[in-house]
Amino acid sequence: MQSLQKPSPPSWQREILATYKTGENLLCLFSPDKQIEYCKNEERCFTGHAPSIARVARTFGDSVAESWLSIQLFELAEFSKVRNGMEPADFIELARTIILGYGGFKLTEFMVFFLRFKQGLYGTFYGVFDPMVITRSLREFRADREKLLRFYEDKKRQEEKEREREL
């Protein structure tokens, strides 16, 4: 006889719930004003335990993930002084598109992307906030991210070998 109980959530989901409690708390902990603070330790942004945007959506709902990303996008538009033409619904639509293509990115990795974008490393707006500039820049960032993840993994392996040698 099948049980009518809901299956228990996977361990990663339980960990997210235990750490962040609510979607609102997560939004506060990863707000754009904390971007520079998090990005001071770029390695941790890539190798740490921050959840991916897809896991945020699965844990707290699509609206929390879309809200978080649209807040980051809006803040980038404000920083760039080129918000013209973008309505709140446009930011949500762009967030949905990004989540679909880059759901595996951690929140902190997105923060690195947005900081680097502000630093002029990815894309340029020409008088208007252009969603295509963001999506093209994310594609470029994905290639950089993959190189960095390999670098950090190699670094970790090397440190483990060194520890073994010392023992």
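A contact means heavy atoms within 4.5 Å. This is a predicted model, where local features need pLDDT of at least 70, side-chain atom pairs count only at pLDDT 80 or more, and totals for chains, interfaces and linings use all residues. Residues are numbered from 1 along each chain as its sequence is written, and side-chain values use heavy atoms, with hydrogens and water left out.

**Exercise 1.** Find what share of the contacts with a separation of 6 or more joins residues 24 or more positions apart.

*Solution.* Take the contacts of the protein with a separation of 6 or more; residues 24 or more positions apart account for 76% of them.

**Exercise 2.** Work out how many helices and strands the protein has.

*Solution.* Start with the rule: helices (H or I, at least four residues) and strands (E, at least two) are DSSP runs, numbered from the N terminus. Counting them gives nine helices and zero strands.

**Exercise 3.** Decide whether Glu-109 is buried or exposed, and list what it touches.

*Solution.* First, locate Glu-109 in helix α8 (residues 107-118). Next, recall the cut-offs: buried means under 20% relative accessible area, exposed over 50%, and partly exposed in between (1.4 Å probe, protein chains only). Glu-109 has a relative accessible area of 1%, so this residue is buried. Finally, leaving out residues up to four places away in sequence, Glu-109 touches Cys-45, Phe-46, Gly-104, Phe-141, Arg-145 and Leu-149.
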